[in-house]
Every structure is written in C-alpha cells, then in structure tokens.
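Biologist: I would like to learn how to read a structure. Can we go through one together?

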Amino acid sequence: MASASRRVPTPKNGVDFRGKVVLAPMVRSGELPMRLLALKYGADLVWGPETVDQAMIGTTRRLNPHTQTIEFTRLPSHGAKTPCGSQRESVIYRIHPSRESRNLIFQLGTACPARAVEAARLVAGDVAGIDVNAGCPKPFSTMGGMGAALLSTPDKLCAILEALVKEVGSKYEIGISVKIRILKTSEETEALVRKLCQTGITGLTVHCRTRPMRPRERAIRDQLRMIGQVCREAGVACLMNGDVVSRDQAEELAQEYGVDGAMIATAAESNPSCFRSKDDGGFVPWKDLAAECLQAALEVGNKFGNTKFLLGNLIPGKDKLHRMVSTAKSYREVCELFGLAEELGGIAREVDERIGIVYDRDGKNAVKNAKLKNETARAAGGDTARKKPSPVDGRSVLAQRGAEVSRALAVEI
Ligand SMILES: Cc1cc2nc3c(=O)[nH]c(=O)nc-3n(C[C@H](O)[C@H](O)[C@H](O)COP(=O)(O)O)c2cc1C
C-alpha cells in the first residue's frame, strides 16, 4: 500500500491507519459481537456504530463484572419510573477493553464542537481514536446538522475536528479522524479534503459515493487517486470505502488508487471473515459464523434484539433458520435452534435471567422483561412477583425444533 512522504505522527495511544483493512461504522450492525468476530477474522481496526454526542453526554461508565465489558449507561430520558420507583438503565455503548480497545475507533455524530469534546472525553481513555461522521445522509442525522450535512458546512466540520484534536486527541494521545463522502465534482472534494487535512487529524476515510447516492449504486472511484494524493501530501492516512468486499481486493484497490487502506461495511455485515485473506483461509461458512456470533453475544451480554438482528444478517434469508431465529424469544431458544443447547445452554440461561427473560413450565418464554413486570406487580400488590420460573420438564418443544433444524442444516460446531 502507498507510503507517505510526510506523516502526522501517530499519537502514543492511537493507531496508524496505514496498511489497514478495517470494519466500517454501522449502526446496529457494528455492535460488540460483530466487532469481535471481525477482529477474530483479521480486521486490523474496528469502528463502533455512530453514537450521537447528546446520547453519550450524561452517561455513567462502569465495568460489568459478568462480562468484563465497559458500559456507558443512562436512565431513560423521559424520566419515567416503575411504580416501585426503580428505572431500567439502557446501555448506550459497550466496549470490551481487553479484546478490542486498542483497535477500536469510536465514531461520533455531532454538529457542535463543545458537545463533541464533552462526549468524546467520556470514552477517550478506552479507545484508540475518535472519528467524526460527516457522511451519513439519513434525515435523522442531517436534520440536526450532523452526518453528511457537515459536508455543506465545512467551517463547522473543521471547528469540530480542531476542537477534538486540541481538547481530546492531544490530552489522551489518541488520533482524531473523519469519514466523508465524495462531493459532486473533483474540485469541490479536493477543496474540502485540503481544509480537513489542516485540522490536525491523523486519518480520513472517504466513502466513494455522493450524498444523494443510494447504497445499491456502484461506488465512484475516479476522485480517489486525487484524495489519496492530497492526504499523502498533508501526512494524513487515507482509507477508501465503498464496494470493497474482501481483504485481498482491498489490498489491490489501495495499491491501484494510491491510498493507505480500506474500510468494509456491507460485505462484513454478512460475512465478517471477509477480513481474512485467501492465503490465511479466506471466507468461513455462515453457519460457523452465526454460531460464533451467538457465542460472542452471550459472552458480552449483548441486547437480545440486536443479537437476532446480527444473526439475521449472517443467515441467508431463504434459509428457514432465518425466520426461526427472528421469532425466537430467548437466548436459550436460539441456542437450541442452532443445536448448541449443551454447549451454550448454561450461559444462555444466565444471560436470559440477567436481561429479564424467564421460562415457563413448557420451556417456552413466560414473561419478557420479567423483572420490570414483577416490580410493577409487587408495587400494585399483585402476585406475579411470587411466581418463580419452573425448571424445564423433559425434552422441550424448543429442543425438538432445534434438533430438527440442526439435523436438517447439519450445523457443525
Ligand atoms: C447497516 C448500516 C449502518 C451504517 N451506519 C453507519 C454509521 O453509523 N456511520 C457511518 O459513517 N456510516 C454508516 N454506514 C455506512 C457505511 O459505514 C459505509 O460507508 C457504506 O455502507 C459503504 O460501504 P460498503 O459499500 O462497504 O457497504 C452504515 C451502513 C450500513 C449498511
């Protein structure tokens, strides 16, 4: 891959993007289990999903003793309480310090330098870099002046990056970077990239689509060489993004266009082993990846709904397991569908319990969010709280279904 003549030095606790093939920031798809899988299969760095500054500000950082993860949690913003006065905290961001911190880039959604700094300071000690999202075209992002809207307000974008470099990058010795889209003309993009490279950032990722382009439209690479050149002159590492599907292809493209590395999104969403080169073993079958994803989700106590979403990306839509997983009501049920009840049943039961899912006599789900429901019932003088979940009798319907499915699919674990 291309080497720079002049380089913005890599901060002590940061990472150099040069020579790297990395997992893209993806809301929902880039949660912790997927990042761990991508790292396992050779991603050099992983971006977390965009997190809006205001969502981070006001969170509490704590170590979860069950999972050894760092969680940034907050109480629901509406302030509503259960009748007994307690509130359920939601996890806004979760990091596995020993398995990913040194390779994790936190991506911020922001439109304000002061708020960006306040939010970034909360995670700066736990990550290798802070990235600003200046490429998301979705209305929820652009309406607040964030994401791709920042491409139309380059002075604001530069002010945000400069504030982050000064107040967060230098103090925590990590890199600050930005992810942009290409603009309509090469001249416009060049002017923007030159400006951004003067802010003190260490890296820039360019998604080779313009703001109005849909994800299915092919990425446009004809501005890439110029962007790589401008970044190289300024000593800023440049990653390309858009329609990159594997490590081998990423390395070829980076060489061809004179950029420092590549970022992969949708190809990694459906197969995170795309980061492994052919020589090292190449792509892994989806059944193995789905089972590994489930295991990682249990280990880190991932939100159940998100785990089903991640599995839904890995399991082909036409496979009947896809639908069965999507209607599953507990981790234990998913383990049985995969024929993994023996290996993972114990931890699945534990995690289900922690997230408030209990089973009824038949081994089916009894109550979702049982803790909350029990609290409500207790406060209202009801008796739901006294009912304990019964152990599963014999061979449950779920177990039978799981065994059938895993036989049919010959899931090899
Ligand atoms: C499910 C999903 C979520 C995404 N979320 C983000 C995000 O949080 N921040 C961001 O900068 N881009 C986000 N993107 C865009 C990707 O990072 C990437 O730029 C885009 O998908 C193009 O890369 P690809 O052609 O490899 O898919 C998202 C894309 C997908 C598919």
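Biologist: In what order do the three strands of the open sheet come?

Modeller: A note on the source: this is a predicted model, where local features need pLDDT of at least 70, side-chain atom pairs count only at pLDDT 80 or more, and totals for chains, interfaces and linings use all residues. Residues are numbered from 1 along each chain as its sequence is written, and side-chain values use heavy atoms, with hydrogens and water left out. Now the sheet. Strands are DSSP runs of E, at least two residues, numbered from the N terminus. Two strands pair if DSSP finds at least two bridges between them. Here the order is S4-S5-S6, with antiparallel pairing. Strand S4 (60-64) and strand S6 (90-95) are the edges, and each pairs on one side only. From one strand to the next, the twist averages 30°, taken between lines fitted to C-alpha atoms, on a scale from 0 to 180 degrees between N-to-C directions.

Biologist: How many bridges join S5 and S6?

Modeller: Strand S5 (residues 69-74) pairs with S6 over five bridges. Thr-73 stands opposite Val-91 in S6.

Biologist: Which residues come nearest to the ligand?

Modeller: A residue counts as near if one of its heavy atoms lies within 4 Å. Of the 17 residues around the ligand, the nearest are Gln-107, Lys-179, Asn-241, Asp-243 and Thr-266. The shell divides into five nonpolar, seven polar and five charged residues; Gly counts as polar.

Technical notes: Helices (H or I, at least four residues) and strands (E, at least two) are DSSP runs, numbered from the N terminus.
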